[in-house]
Amino acid sequence: DVIKLSVGGPDFADRPFGDKVKEIVASGITLVSAMGNDGPAWGTLNAPGDAVEVIGVGASEADSGRVAAISSRGFPLGDRIPRMKPDYVAPGMGVLGAIPGGASCSPNHGTSVASPSVAGVAALVVSAARRAGTSIKNPAMVRQCLNEASTSTSESMWAQGFGRINSLKAVQCAETYTPRVTLVPPSFHLEKDCPYLSPLCDQPLIRGGLPISFNVTVLNGLGVLGRVTDLQWASDSSLVVEAQYPVTLWPFAGAFAVRIRASPDASIGVHTGKLWVRVDSNEKTCSDASSDGRWVAWEISVEIAAKPDKRKRLLWDASHSLTYPPSFSPRDNLNQNADLLDWNGDLPYTNFRGLFRRLRSRGYHIDVWYEDLSCINLDEYGALLLVDAEDIYSQDEIQAVHAGGTSLFIVADWADGPPQGG
C-alpha cells in the first residue's frame, strides 16, 4: 500500500524512472520520497519527490518544528513556474536510530530520516480507510487526509508544504472519508498568507503589469483518471485570471497553470475572487467508463497597487538561463565543489532568491519574463536583469534591447580561474 524512497537526484527529466513512478501510483500505491539534503539553498528539490503524484518530505527540527537547515527547498524546477513542494515536513534532526550490533543508538539527520515517519502515517491512513470501508487503493485520499491533518508554520510553503502532520487527525479523516477533489494549496491569499506564500507575496500586482504565474495541483480522490474540463472565474473586472485546460489528471493527480494579473484600469486595494474548477473523473481507465464530475472552488485574494515609477521597475530575464537537465553548465557558486552542475533554476524563487529579496527591500518591483525579449515593451522598465544567462540571444532580441535604451544589469559567475580570482 505504501512505498518509501530515499533515492533521487536533480534529473526531473528521467523519463523511464518517472514512468515507473507513475505506474506505481496508478496501481493504487502511495509513494513517499525524501526531498533531499541540499538546504538551506533554494531550488534544490530532488526527483521523484518533486513529482506531482508523489509525496515529497522535508526535514524539520524535532522541538521547534521549524524547517531544518539541511532540508531541500522548492520549487520543482521542471515546471519553471512555482508549484507547491515539498508536501510535508517531519522530524529529521537528531532522530535516534539503531547502529550495527544493536548495543546502542546514534542520532541521525536528513530527509531520509524524516520521510519514514510520513510513510508510517500514510500506512495508518490506508489501514483506517480499508477498515472503515471508505476507500481502497487511493493515493489521492491519503494525501487529502494528510493535508487536512497538517499544521504549517510561518515559513515559506516551498520549504515546508503543509507542515507537520497530526497522525490522529489523519486517521480520523480516513475513517469518515468521502471521495472528493481538492486543490493544492487550498487557497491563494497573497495579501495575508505571507511569508507562507513568499516570494510570490513579496510584492503586489500592479495595474497593467505582468501576471503572477502558479501551478495548482489537483488531487483527484474520485479515481485514477480524470480531467480538468472547465474553469470559471468569478470576481470583479480588476482581476484577470487565465488558466490552462483541459488537463489530464493521471495517476490520481495533475496540475494546471494559472496566471493572475491586474487590468489596466483596476482599482487600488485588495481584490478577491473564486476560480471554479470542473473535474470529470473515470473510476476506470477505459474510455467508456462512467464519469463523475465535480466543481471545486479556489479562493484568490491579491493586493493591486499603482504602477511604480519606471526607475523602480526591473525586468528579470528568465528565458536564457539553462539548467540541468538538459544543460551541463557549471554551477554558479564555484565554492560548492561537491556538485559542479548548475541545477538550481537561476530564478528569483530559487537560488537567486536572496538577490530578489534585497532588490525588493530597496523598493524595486521585479517582473519575471519567460519569453523572447522582443515580445515585451522594454521602455516600461528602468533596467533589464540578465541573470546567469547561458543561452544565446537572437538578433531580434538584441535589436529590441538596443532600441529600448534600457539599462542592463548583468549577474554572472565565471568558470575559469583568473576572472574568479580577480
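So, Cys 145 and Cys 173: their sulfurs sit 2.2 Å apart and form a disulfide, which here means a pair of cysteine sulfur atoms within 2.5 Å. Before I go on, this is a predicted model, so local features need pLDDT of at least 70 and side-chain atom pairs count only at pLDDT 80 or more, while totals for chains, interfaces and linings use all residues. Residues are numbered from 1 along each chain as its sequence is written, and side-chain values use heavy atoms, with hydrogens and water left out.

Back to that bond. Cys 145 is in helix H3 (residues 139-148) and Cys 173 in helix H5 (residues 167-175), so the link joins distant parts of the chain, 28 residues apart. Helices, by the way, are DSSP runs of H or I with at least four residues, strands are runs of E with at least two, and both are numbered from the N terminus. The torsion about the S-S bond is -75°, and the link of Cys 145 and Cys 173 is left-handed. Cys 145 is buried at 0% relative accessible area, and Cys 173 counts as buried too, at 9%. For the cut-offs, buried is under 20% relative accessible area, exposed is over 50%, and partly exposed is in between, with a 1.4 Å probe and protein chains only.

How many disulfides does the rule give? The count is two. The other partners are Cys 194 and Cys 201, with sulfur atoms 2.0 Å apart. This disulfide has a torsion of about 75°, so the Cys 194 and Cys 201 link is right-handed. Cys 194 is partly exposed, at 36%, whereas Cys 201 is buried at 11%. If you number the bonded cysteines in sequence order, the pairing reads 1-2, 3-4.

Next, the aromatics. There are seven aromatic pairs; the rule takes rings of Phe, Tyr and Trp (its six-membered ring) with centres within 6.5 Å, and calls planes under 30 degrees apart stacked, over 60 edge-to-face and the rest tilted. One of them is Phe 75 with Tyr 349, a tilted pair at 5.8 Å centre to centre and 55° between the planes. Phe 75 is in the loop between strand S3 (55-60) and strand S4 (88-91), Tyr 349 in the loop between strand S19 (313-317) and helix H6 (353-361), so this contact ties together parts 274 residues apart in sequence. Both Phe 75 and Tyr 349 are buried.

Then look at Trp 158 and Phe 214: centres 6.1 Å apart, planes at 70°, so that pair is edge-to-face. Trp 158 is in helix H4 (residues 157-160) and Phe 214 in strand S12 (residues 212-220), 56 residues apart. Trp 158 and Phe 214 are both buried, and together with Phe 188 and Trp 298 they form one aromatic cluster.

We have 17 salt bridges, meaning a side-chain nitrogen of Lys or Arg within 4 Å of a carboxyl oxygen of Asp or Glu. Among them, Lys 85 meets Asp 87, with the closest N and O atoms 2.6 Å apart, and both Lys 85 and Asp 87 are buried. There's also a network: Asp 1, Arg 130 and Lys 137 are joined by salt bridges that share partners. And one more to click on: Arg 66 bridges to Glu 155, closest N and O atoms 3.5 Å apart.
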